[in-house]
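Hello,

Here is the structure I promised to pass on to you. Please have a look, and then read my notes below.

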Amino acid sequence: MSLSVTLSVFSVGHVGGITEWLRVWALARTYGIPVSPHLMPIVSAHLVAAKPGTMWIEYTAPDNPLRSAIFDVFEEPKSIMYAKNGKVYVPETPGIGIKLKPQHQF
(Lines give C-alpha, C1' and ligand atoms only; values in the text may rest on other atoms or scores of the structure.)
Protein backbone atom coordinates (compact mmCIF):
# COMPACT_ATOMS: atom_id res chain seq x y z
CA MET A 1 0.00 0.00 0.00
CA SER A 2 1.32 3.44 -0.90
CA LEU A 3 0.57 6.32 1.43
CA SER A 4 0.03 9.80 0.06
CA VAL A 5 0.50 11.40 3.48
CA THR A 6 3.71 10.94 5.46
CA LEU A 7 3.01 13.54 8.18
CA SER A 8 -0.24 15.03 9.41
CA VAL A 9 0.01 18.68 10.48
CA PHE A 10 -3.22 20.28 11.68
CA SER A 11 -4.35 22.99 14.08
CA VAL A 12 -6.73 22.49 16.99
CA GLY A 13 -8.26 25.84 16.00
CA HIS A 14 -8.89 24.80 12.42
CA VAL A 15 -10.30 21.30 12.93
CA GLY A 16 -12.98 22.38 15.40
CA GLY A 17 -11.42 22.16 18.85
CA ILE A 18 -9.79 19.63 21.12
CA THR A 19 -12.30 16.82 20.55
CA GLU A 20 -11.99 17.05 16.77
CA TRP A 21 -8.19 17.28 17.04
CA LEU A 22 -8.24 14.01 18.98
CA ARG A 23 -10.38 12.40 16.26
CA VAL A 24 -8.00 13.50 13.50
CA TRP A 25 -5.05 12.33 15.62
CA ALA A 26 -6.69 8.89 16.06
CA LEU A 27 -7.34 8.57 12.33
CA ALA A 28 -3.75 9.48 11.46
CA ARG A 29 -2.33 7.09 14.07
CA THR A 30 -4.61 4.28 12.81
CA TYR A 31 -2.69 4.44 9.55
CA GLY A 32 0.68 4.90 11.25
CA ILE A 33 0.99 8.53 10.17
CA PRO A 34 2.90 10.70 12.65
CA VAL A 35 1.24 13.88 13.88
CA SER A 36 2.57 17.38 14.48
CA PRO A 37 0.24 20.04 15.89
CA HIS A 38 0.06 23.33 14.01
CA LEU A 39 -0.08 26.67 15.89
CA MET A 40 -1.74 27.31 19.28
CA PRO A 41 1.27 26.11 21.32
CA ILE A 42 -0.50 26.36 24.69
CA VAL A 43 -3.21 23.91 23.66
CA SER A 44 -0.85 21.86 21.52
CA ALA A 45 1.50 21.32 24.48
CA HIS A 46 -1.32 19.56 26.35
CA LEU A 47 -2.26 17.45 23.34
CA VAL A 48 1.34 16.40 22.68
CA ALA A 49 1.79 15.46 26.34
CA ALA A 50 -1.36 13.33 26.27
CA LYS A 51 -0.84 11.53 22.97
CA PRO A 52 2.11 9.49 21.70
CA GLY A 53 3.22 9.53 18.08
CA THR A 54 3.81 13.24 17.90
CA MET A 55 6.99 14.21 16.10
CA TRP A 56 7.32 17.79 17.33
CA ILE A 57 5.34 20.86 18.30
CA GLU A 58 5.22 23.97 16.17
CA TYR A 59 6.51 26.89 18.16
CA THR A 60 6.17 30.62 17.53
CA ALA A 61 8.42 32.83 19.61
CA PRO A 62 6.53 35.69 21.30
CA ASP A 63 9.27 38.19 20.50
CA ASN A 64 8.52 37.78 16.79
CA PRO A 65 7.13 41.21 15.78
CA LEU A 66 4.72 39.58 13.36
CA ARG A 67 3.17 37.49 16.15
CA SER A 68 3.69 39.57 19.32
CA ALA A 69 0.13 40.94 19.31
CA ILE A 70 -1.23 37.42 19.71
CA PHE A 71 0.66 36.92 22.97
CA ASP A 72 -0.32 40.33 24.37
CA VAL A 73 -3.84 39.10 25.14
CA PHE A 74 -2.55 36.66 27.76
CA GLU A 75 -1.98 37.71 31.35
CA GLU A 76 -0.27 34.44 32.20
CA PRO A 77 1.48 32.13 31.86
CA LYS A 78 4.00 33.75 29.57
CA SER A 79 6.45 30.93 30.33
CA ILE A 80 4.61 28.43 28.10
CA MET A 81 5.19 30.76 25.21
CA TYR A 82 8.94 30.35 25.55
CA ALA A 83 10.78 27.16 24.82
CA LYS A 84 13.44 26.26 27.36
CA ASN A 85 16.36 24.13 26.21
CA GLY A 86 14.41 23.07 23.15
CA LYS A 87 11.32 21.99 25.10
CA VAL A 88 7.88 23.46 25.68
CA TYR A 89 6.46 22.62 29.08
CA VAL A 90 2.79 21.98 29.82
CA PRO A 91 1.30 24.53 32.23
CA GLU A 92 0.28 23.21 35.63
CA THR A 93 -2.69 25.54 35.97
CA PRO A 94 -6.27 24.27 35.48
CA GLY A 95 -7.78 24.00 32.02
CA ILE A 96 -5.46 24.74 29.14
CA GLY A 97 -3.39 26.92 31.44
CA ILE A 98 -3.94 30.43 30.14
CA LYS A 99 -5.55 33.53 31.55
CA LEU A 100 -6.71 36.35 29.32
CA LYS A 101 -6.18 39.96 30.31
CA PRO A 102 -9.47 41.47 31.60
CA GLN A 103 -9.94 43.69 28.54
CA HIS A 104 -9.96 40.57 26.33
CA GLN A 105 -12.48 38.59 28.40
CA PHE A 106 -16.15 38.41 27.44
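Does His-38 count as buried, exposed or partly exposed? His-38 counts as partly exposed, at 26% relative accessibility (buried means under 20% relative accessible area, exposed over 50%, partly exposed in between, with a 1.4 Å probe and protein chains only).

Before I go on, a word on the source: this is a predicted model, where local features need pLDDT of at least 70, side-chain atom pairs count only at pLDDT 80 or more, and totals for chains, interfaces and linings use all residues. Residues are numbered from 1 along each chain as its sequence is written, and side-chain values use heavy atoms, with hydrogens and water left out.

Back to His-38: you will find this residue in the loop between β2 (35-37) and α3 (41-50). Helices (H or I, at least four residues) and strands (E, at least two) are DSSP runs, numbered from the N terminus. Leaving aside residues up to four places away in sequence, His-38 touches Val-9, Phe-10, Ser-11, Val-12 and Glu-58 (contact means heavy atoms within 4.5 Å). His-38 and Glu-58 are 20 residues apart in sequence, and their C-alpha atoms are 5.6 Å apart in space.

The structure also holds one aromatic pair. Phe-10 and Trp-21 form this tilted pair, at 5.3 Å centre to centre and 45° between the planes (ring centres, using the six-membered ring of Trp, must lie within 6.5 Å; planes under 30 degrees apart count as stacked, over 60 as edge-to-face and the rest as tilted). Phe-10 is buried at 9% relative accessible area, and Trp-21 is buried at 0%.

Best wishes
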